[in-house]
Structure formats: structure tokens, C-alpha cells
Amino acid sequence: MDSLLSAAAVGSTHGLKGHLKVYSLSGEYDHLADLDECILAMKDGRKKVVRVDEAKFAGSTFLMKFASYDTPEKARSLSGSILMINRDQALPLQDGEYYVADLHGLAVISEGKKVGVVEGTSDGAQALYLHVRTDKGIRIVPFLHVYIGKVDIEAGTIEILMPELLG
């Protein structure tokens, strides 16, 4: 498992001191407010380690300011990046929960037989979508209880209830 998890999307600048709007991918912000340092996955694929100078709410908007990005012009270069954190900085999981990143690479099984592999995910309007590689190419499967059964991270498997979606 990758030790880094995507935690938030970095949005536009706010104010004159280099603050940026930050949108938690989980909807929770407490763990982001406690960060001293994080990694930003930039739009061009580079990763940049940044020190967090400030994290706060301004009304309902969560803002972060990173060291050495003291003006809106400098901070704007970070807009569109993804804030990544180590697993030990992420929200603790409850029983039966897992991180979306842990779905990548799972064998997709139907009636005990491997029928594909999860190669990625994307957000959909009503659900997360699994990108499943089969012998017929990539198929998109909504991550909904009607289509997906047991997810076993330790065993490395995810059950598909409607294998015809992979047809």
C-alpha cells in the first residue's frame, strides 16, 4: 500500500497574504488543521513538500497558508494541486472502512474466480467508479452495493455482484 493518501484539493487564492482555499476529499478538516507539513502533487506531476504556516476556517471556507508563499501571485502556483498526507496523519478508519487508494490493485472476483483488476477510480455523480481491467479492456463499475459485494483489503479482493457489467 502506498504510504501517501490524497486528502484535499487545493483551490484558488483567498486574500492578500497567500492563503489558499482547501477542499477536504473526506469532508473532514480536523486532521488537515493539525498538519505541520504535507506534500502537494502538482498538476505537472511533480511532488512538492511544503510547510504549513496556517490552517483555519474563514466562515465556511477552509484556508491554508504554506511557508514561502506569502502573496496571492506565489500561492496561485499551488492552485489545482492535490494535498497528500501520510497514512498516520489521515482520519482513523472505522470497522469496515478503507481508503479509496487501497482499492487500486484489488482482484475483482465473481463466484470465487478472478475476472479483473481495479486499475483506478474516479468520482461520479452518485458514486465512486471503479476502473476494472478485464481481458476485454477497461470497464467502469459504479461502487454501489447493488454491484459490489465484499471488499477484503487483506485478501486483496473485491466481489462484483453483477459480472455482466464487465462484458
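The following questions and answers go through a predicted model of one protein.

Residues are numbered from 1 along each chain as its sequence is written. Local features need pLDDT of at least 70 and side-chain atom pairs 80 or more, while totals for chains, interfaces and linings use all residues, and side-chain values use heavy atoms, without hydrogens and water.

Reader: How many helices and strands does the protein have?
Author: Helices (H or I, at least four residues) and strands (E, at least two) are DSSP runs, numbered from the N terminus. From that end, the elements run β-β-α-β-β-β-α-β-β-β-β-β-β-β. The count is 2 helices and 12 strands.

Reader: What share of the residues counts as buried?
Author: A residue is buried under 20% relative accessible area, exposed over 50% and partly exposed in between, with a 1.4 Å probe and protein chains only. The protein has 167 residues, and the buried share is 37%.

Reader: Among contacts between residues at least 6 apart in sequence, what share joins residues at least 24 apart?
Author: A contact means heavy atoms within 4.5 Å. Among the contacts in the protein between residues at least 6 apart, the share that joins residues at least 24 apart is 48%.

Reader: How many aromatic pairs does the structure hold?
Author: Rings of Phe, Tyr and Trp (its six-membered ring) pair if their centres lie within 6.5 Å; planes under 30 degrees apart count as stacked, over 60 as edge-to-face and the rest as tilted. By this rule the number of aromatic pairs in the structure is 4.

Reader: Y29 and F62 form an aromatic pair; of what kind is it?
Author: A pair of aromatic rings is described by the distance of the centres and the angle of the planes. For Y29 and F62 the centres are 5.0 Å apart and the planes are at 45°, and the pair is tilted.

Reader: How many residues apart are Y29 and F62?
Author: Y29 is in the loop between β2 (19–24) and α1 (30–33), and F62 is in strand β5 (residues 61–66). F62 is buried, at a relative accessible area of 3%. The pair links distant parts of the chain, and the separation is 33 residues.

Reader: Why does the pair of Y98 and F143 count as edge-to-face?
Author: Y98 is partly exposed at 27% relative accessibility, and F143 is partly exposed at 22%. The ring centres of Y98 and F143 are 6.3 Å apart. The pair is edge-to-face because its planes are at 85°.

Reader: Is S81 buried or exposed?
Author: S81 lies in the loop between α2 (72–76) and β6. Leaving aside neighbours within four places in sequence, S81 is in contact with A8, A9, V10, L40, A41 and M42. With a relative accessible area of 1%, S81 is buried.

Reader: How far is the backbone oxygen of L78 from a polar atom of the side chain of S81?
Author: A polar contact is a pair of N or O atoms within 3.5 Å; within protein, one must be able to donate a hydrogen and the other to accept it, and residues adjacent in sequence count only if both atoms are side-chain atoms. For the L78 oxygen and the S81 side chain, the distance is 2.7 Å.

Reader: Is L25 buried or exposed?
Author: L25 is placed in the loop between β2 and α1. Beyond its neighbours within four places in sequence, L25 is in contact with S6, A7, A8 and A9. At 52% relative accessibility, L25 is exposed.
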